[in-house]
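Morning, everyone. I have one structure to show today, and I'll keep it short. Let me put it on the screen.

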Amino acid sequence: MVKDGVALLKAAQKLDEEALTAIFDEFAPAIYKYALRLCHDAIEADNIVGDVFSQLLEQFAAGRGPRTNLRSYLYQTAYHLVVDRSRENKHTAPLEIAINLQERGQSIPTQTQIEERVLMEGLISAMNTELTEDQRHVIILRFLEDFSLKETAEIIGKEVNNVKVIQNRGIAKLRNALGLQLGDE
Amino acid sequence: MSKPNEEHVLNLLKSLKQAENNYPSELLQTRRDLFAKQVASAAILTHSAGNGGGSSAAGAGQGSAGTAASSTAIGSSIGTILEVALVVAIVAEAGVAAYIYREKIADFFNSFLSPNSEVVTNPSDDLSLPVTGDVNITDTPVTETPIVTVTVSPYDTPVAPSQVIDASGSGAGTVQAPSTPNPTDDNPGLHLGQTKQPTKAPKNDSNDGGDNGGDNGSNGNNNKDKDKK
């Protein structure tokens, strides 16, 4: 039986196995996607998921850990892990958030689908090359993970106004990059 | 194609969100099993720390987790026993050492408790003469002699020496110092020439010793005159 958020969190703080497993089932896929967007490696993203939940367990065992917003806490932990690993080994591999549109779509793509795929690849390329690290984190958290400005600010440890500025600059950079790509074509 | 506006970029981001890969099922299942084991071990450790023997009961129904729980409980109990034995051994060793060196320890603490008492030893060069034979040392009784300050005034009356004299001269109740007693006759002055002259012995013509002496003396003078000549 999956309890509601607050009861689940309280049960997890008491190291209830059912509650902790339920938390894993609920958040592990999302954390994996987030980590994969940032580190571009499936194995690395899987390891980050494992580390995130191990740290959560250690915090609960020590009597600490999140009291209210478990989701933000998990993303914050993942964010710090990704940042630490990116400092250790710089990944230059392209973002392979595999756009499996071709597999999902029809066998013969339409002109609109081809244009959309081109734009998508350009967007991914721009996110990897044009954005700073903070801008990439903010864009991912705000538009791919649907966090609010306040939650995003808490996760990356910045002020809300600062997050707003970072977000606007990031979007402007993506617009410019996509416009340049479209202009080249 | 025209340059994309902000709305277009946001729509692309939404499309990107829907187009992403999911967690591979194999990886997800493996990761979930690992996490479940971690949760079981953490719960066991917590229960063993809080309830003691309750951990084995909690982990008994969970297959391999139950076996791990019992082994962990046994290991923790053995560790506790070893710790207790080690502490007992240390305490016993400390007690034996304290018993063996109790005198040194007592001296050590005494030196701290009475730091001002200094032991003065005689100098190495002893100047005393060596004593040979039997030496009888008798205790001489110590008698206290009263210290009396005596002031002499010519007109004072004599007092006993044991009485204390008031040197301040304040008056009543004081005792005067002893003085020379007053002469009995009426002449308190000098007594020179008052010594009675010895009475002359009556002249005797018989040849006794005295006359011989006189004669000898005259004879002696005569001899000196002869030598000068």
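Some ground rules. This is a predicted model: local features need pLDDT of at least 70, side-chain atom pairs count only at pLDDT 80 or more, and totals for chains, interfaces and linings use all residues. Residues are numbered from 1 along each chain as its sequence is written, chains are lettered from A and ligands numbered from 1 in the order written, and side-chain values use heavy atoms, with hydrogens and water left out.

Chain A first. Chain A has nine helices and zero strands. Helices here are DSSP runs of H or I, at least four residues, and strands are runs of E, at least two, numbered from the N terminus. Of the 185 residues in chain A, 45% count as buried. Buried means under 20% relative accessible area, exposed over 50%, and partly exposed in between, with a 1.4 Å probe and protein chains only. Now contacts, meaning heavy atoms within 4.5 Å. Take those in chain A between residues at least 6 apart in sequence: 65% join residues at least 24 apart.

Helix 1 of chain A, residues 5-13. Which of its residues are buried? They are A:Leu8, A:Leu9, A:Ala11 and A:Ala12. Down the axis of helix 1 of chain A, these buried residues fall within an arc of 165°, so they line one face. The arc is taken over directions from the helix axis to the C-beta atoms. The face turned away from that buried side carries exposed A:Val6 and A:Lys10. After helix 1 of chain A comes A:Leu15, with a positive phi near 60°.

Next, helix packing. Helix 2 (residues 17-39) and helix 3 (residues 42-61) of chain A have axes that come within 8 Å and cross at roughly 135°. Axes are lines fitted to C-alpha atoms, for helices over the stretch in contact, and angles run from 0 to 180 degrees between N-to-C directions. Helix 2 and helix 3 of chain A are therefore oblique to each other. For the cut-offs: under 35 degrees is roughly parallel, over 145 roughly antiparallel, 65 to 115 roughly perpendicular, and the rest oblique. The residues in contact between helix 2 and helix 3 of chain A include A:Phe24, A:Phe27, A:Val52 and A:Phe53. By class, the residues of that contact are 19 nonpolar, no polar and two charged. Ala, Val, Leu, Ile, Met, Phe, Trp, Tyr, Cys and Pro count as nonpolar, Asp, Glu, Lys and Arg as charged, and the others, Gly among them, as polar.

Now two residues in helix 4 of chain A. A:Ala78 lies in that helix. At 0% relative accessibility, A:Ala78 counts as buried. Leaving out residues up to four places away in sequence, A:Ala78 touches A:Ile31, A:Tyr34, A:Ile48 and A:Val52. A:Tyr79 is also in helix 4, residues 70-88. A:Tyr79 has 8% relative accessibility and counts as buried.

Last, chain B. Helix 7 (residues 133-144) of chain A packs on helix 1 (residues 6-18) of chain B at about 75°, axes 10 Å apart. That makes the two helices roughly perpendicular. The contact is made by A:Ile139, A:Phe143 and A:Leu144 with B:Leu10, B:Leu13, B:Leu16 and B:Lys17.
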